[in-house]
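The report below covers a sheet, the helices packed on it, some backbone details and a surface patch. The structure is shown first.

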Amino acid sequence: MTAIKHALQRDIFTPNDERLLSIVNVCKAGKKKRNCFLCATVTTERPVQVNVVKVKKSDKGDFYKRQTAWALRDLAVVDAKDAVKENPEFDLHFDKVYKWVASSTVEKNTFISCIWKLNQRYLRKKIDFTNVSSQLLEESVPSGENQSVAGGDEEAVDEYQELNAREEQDIEIMMEGCEYAISNAEAFAEKLSRELQVLDGANIQSIMASEKQVNILMKLLDEALKEVDQIELKLSSYEEMLQSVKEQMDQISESNHLIHLSNTNNVKLLSEIEFLVNHMDLAKGHIKALQEGDLTSSRGIEACTNAADALLQCMNVALHPGHDMLHAVKQQQQRFSDLREQFARRLASHLNSVFVQQGHDQSSTLAQHSVELTLPNHHPFHRDLLRYAKLMEWLKNTDYGKYEGLTKNYMDYLSRLYEREIKEFFEVAKIKMTGTTREGKKFATLPRKESAVKQETESLHGSSGKLTGSTSSLNKLSVQSSGNRRSQSSSLLDMGNMSASDLDVADRTKFDKIFEQVLSELEPLCLAEQDFISKFFKLQQHQSISGTATSEAEEMDGGTLSRSYTSGVPQTISSEKDMIRQMMTKIFRCIEPELNNLIALGDKIDSFNSLYMLVKMSHHVWTAQNVDPASFLSTTLGNVLVTVKRNFDKCISNQMKQMDEVKISKKSKVGILPFVAEFEEFAALAESIFKNAERRGDLDKAYIKLIRAVFVSVEKVANESQKTPRDVVMMENFHHIFATLSRLKISCLEAEKKEAKQKYTDHLQSYVIYSLGQPLEKLNHFFEGVEARVAQGIREEEVSYQLAFNKQELRKVIKEYPGKEVKKGLDNLYKKVDKHLCEEENLLQVVWHSMQDEFIRQYKHFEGLIARCYPGSGITMEFTIQDILDYCSSIAQSH
């Protein structure tokens, strides 16, 4: 507050020739607190003016500005609110009442006291102070008042001092005694001077009279000085005695300090020793467990695990600075290191033995699984090994080299074991698919030679390594052995598979079940092994989508994986998830080629099997991706799915190629084309297979390609047909296609269904018009001439006056077509249509009915011309519409 007071005096009041006497920090009562200062000031010029000034800090900076000033003479009442209790509120009554709240009661009281003193000194008008403590108003106005008013300042407020009441009374008495003082001031002053001299003389005489007393006083002072000297001598002797005591006490104090320091050091030393003993002391039981613990029993494994954890804690303890310099600590650390190395070797050796034993034990049970299409269960082995999971984690954290070696050995042993199991499993699957048996062989208890595997693979893919889709010796063998020999043909499905009439539906169902069982056996096997690897080797499986997971899996092989694990430097694998995938790739490296061989065999047996495989494989890929899109199973099945999709696309392409290469006989009628019937078979089969399938989009694309190829091939065959009219080929085949699409209700082929119906309708109409032609030829020629004359501008009723088209000529032409001749012509037409149409499609009655309608239309046209061009002639045809209906009906019934 003092600093603020000086700042206000310097910046605001000194430039205005004012002195700041008191200050209080206030804010308005009842409103938002915006602090300001009330200052009590007086002017330095006469006459003196007393003001109360309100000062406020500027909003634009840290400087203060003068806001409002009130003259003290305008102040009527000062209300302190409460004279007993401390209360920071007070009111000042100027022209109106200003209510203030001081920052503290002390500041408020100081300010009110200053106002009271200023009022007493400078104002004749007395201000009313209410609710003010009497202690603040006890001081009187005289000389001391000046200093309080000035706020403790040494200088007087003014040189002029008013007389107090006593001084006034003495002057009045003296002046009453000297009445002439009023008229002769000099005489009065001389009188006062004489009286003053008399008083001074009296004072000197009084002093001189007290000399005797002064001598007595001096004598007493001398005696006192002597006593003081004696006391000082005694104090000096005491000080000398205390000096020796002080030296002894200093020695005792120093000794106590050394004892305290020694105790403190001993406590700290004990604390450090206890820390080292508590944190770097391994129990004897733990040491024995690490050196001799049984790693075959559950209790021994648990003891070894606890001991290994305790050893790791001792080795990882955070030593205090300087501990590593201690010889005992170095010895203990070396001992721990030796224990860790010894136990790590023992643990790695034991686990390697377990891995080897697992391979032998599992091989002994392989024969019983080879008869049935099942894979051996590794759960007991996983369960036994998971007991060592914590020890593997310890080994990973303490000796990564041995952990890495165990990982590699596990992959080596298990990859060979799984390779034997999976190859035998796929061998059984192939046998069940082809229906053949292995004579003179037991189901393999030993791994097949590499040459045998290579030979079988080459036999599956043909000499060129590609599936050609044509009938092969392997296909013939498999078909003959299963009792279903299929004849070779040049039709759409002549791609190594049987036609619908020759192929037993049970064979396809059997293949579908076998393929599904293969995938169903592989999937839990891979998932169980992956889950075991993550738990046993303490590798975290993260759910993350990697767009390059498939490509990474394709590029990764056993050599790369081996190099990755045998390097002496820390792994460069980006994450533990990649490590799991690499281990799975090494362990199950034979799954993908075996699956591809099985797929190739299924495609050789029946190319339609690619539909079953596409659906099953897509479902399993979708399931695997939902679990983990970047897992080994998802990647491997995704790669195999690519192969299946290629086979499916190749099947579709071969069908389209067969359509393009189809040839028809020139001596027999065409009928329903083979690829049209086979498209119906394909679509019916595909709809049953792809019902609720995930890869429906692939089938829809294949449908579009096939149906467009069918449309093109039908038109091509129709154009090349010599025995059967083009319209008949188009009409019958597009009617068959329309009927097929209507029955199957394939949503993606709605546009093609409408197109097929339109083509069928158009070519039916075209064939009817072309075949029916002009059954009443001369009559047709006659009326064509009549229509030509009318077209030339001759009125219809005047045509009969033309010589060539008179009534007589019309009657001659009509007489040439009696009802008998008409019936004979229709009978010949029916036989002609019957020869053109095939029996499978059964369109004869439809075509015949259309011809009947067309004939009746021509008949009505002729009657209309006769009525318009020969009115009133009474000329009519020799047969009626009813006769035409009877002729057509009797002809249809007779045939």
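## The sheet and its pairings

Ala40 stands opposite Val52 in strand β3. Phe37 faces Val55, likewise in β3. The model is a predicted one, in which local features need pLDDT of at least 70 and side-chain atom pairs count only at pLDDT 80 or more, while totals for chains, interfaces and linings use all residues. Residues are numbered from 1 along each chain as its sequence is written, and side-chain values use heavy atoms, with hydrogens and water left out.

Strand β2 (residues 36–43) and strand β3 (residues 50–57) run antiparallel to each other and share 6 bridges; two strands count as paired if DSSP finds at least two bridges between them. The two form a hairpin, with 6 residues between β2 and β3. The loop between β2 and β3 holds Pro47. The peptide bond that joins Arg46 and Pro47 is cis, with omega at about -5°.

On the other pairing of β3, 7 bridges join it to β4 in the antiparallel sense. β3 and β4 also form a hairpin, with 6 residues between them. Across this pairing, Asn51 stands opposite Ala71 in β4, and Lys54 stands opposite Thr68 in β4. Because 7 of the 8 residues of β3 are buried, the strand is largely enclosed by the rest of the structure. Buried means under 20% relative accessible area, exposed means over 50%, and partly exposed lies in between, with a 1.4 Å probe and protein chains only.

These strands belong to an open sheet of 8 strands in the order β4-β3-β2-β1-β7-β6-β5-β8, with mixed pairing. Its edge strands are β4 (64–71) and β8 (128–130), each of which pairs on one side only. On average, neighbouring strands of the sheet are turned by 30° against each other, direction ignored. Strands of a sheet pair through backbone hydrogen bonds, in either the parallel or the antiparallel sense.

## Helices on the sheet

Helix α1 (residues 2–13) lies across β1 (18–28), β2, β3 and β4, and runs at about 115° to β1. Helix α2 (residues 105–122) packs on the sheet as well, where it touches β1, β2, β3, β5 (77–79), β6 (89–93), β7 (97–102) and β8, and its direction makes about 135° with that of β1. Axes are lines fitted to C-alpha atoms, for helices over the stretch in contact, and angles run from 0 to 180 degrees between N-to-C directions. Contact means heavy atoms within 4.5 Å.

Which residues does Ser22 contact, leaving aside its neighbours within four places in sequence? They are Leu38, Cys39, Ala40, Thr110, Phe111 and Cys114. Ser22 is placed in strand β1 and counts as buried because its relative accessibility is 5%.

## Surface patch and chain totals

Val214, Leu217, Met218 and Leu221 make up a nonpolar surface patch with about 350 Å² of accessible area together. Patches are made of residues with over 30% relative accessible area and no salt bridge, where like charges are joined within 9 Å and nonpolar side chains (Val, Leu, Ile, Met, Phe, Trp, Tyr) within 5 Å. A salt bridge is a side-chain nitrogen of Lys or Arg within 4 Å of a carboxyl oxygen of Asp or Glu. Accessible areas come from the Shrake-Rupley method with a 1.4 Å probe, and for residues only the protein chains shown count as cover. Leu217 is part of helix α6 (residues 211–280) and counts as partly exposed because its relative accessibility is 47%.

The chain has 31 helices and 8 strands. Of its 895 residues, 42% count as buried. The chain exposes about 50200 Å², of which carbon and sulfur atoms supply 51%. Among contacts between residues at least 6 apart in sequence, 70% join residues at least 24 apart.

How values were computed. Helices (H or I, at least four residues) and strands (E, at least two) are DSSP runs, numbered from the N terminus.
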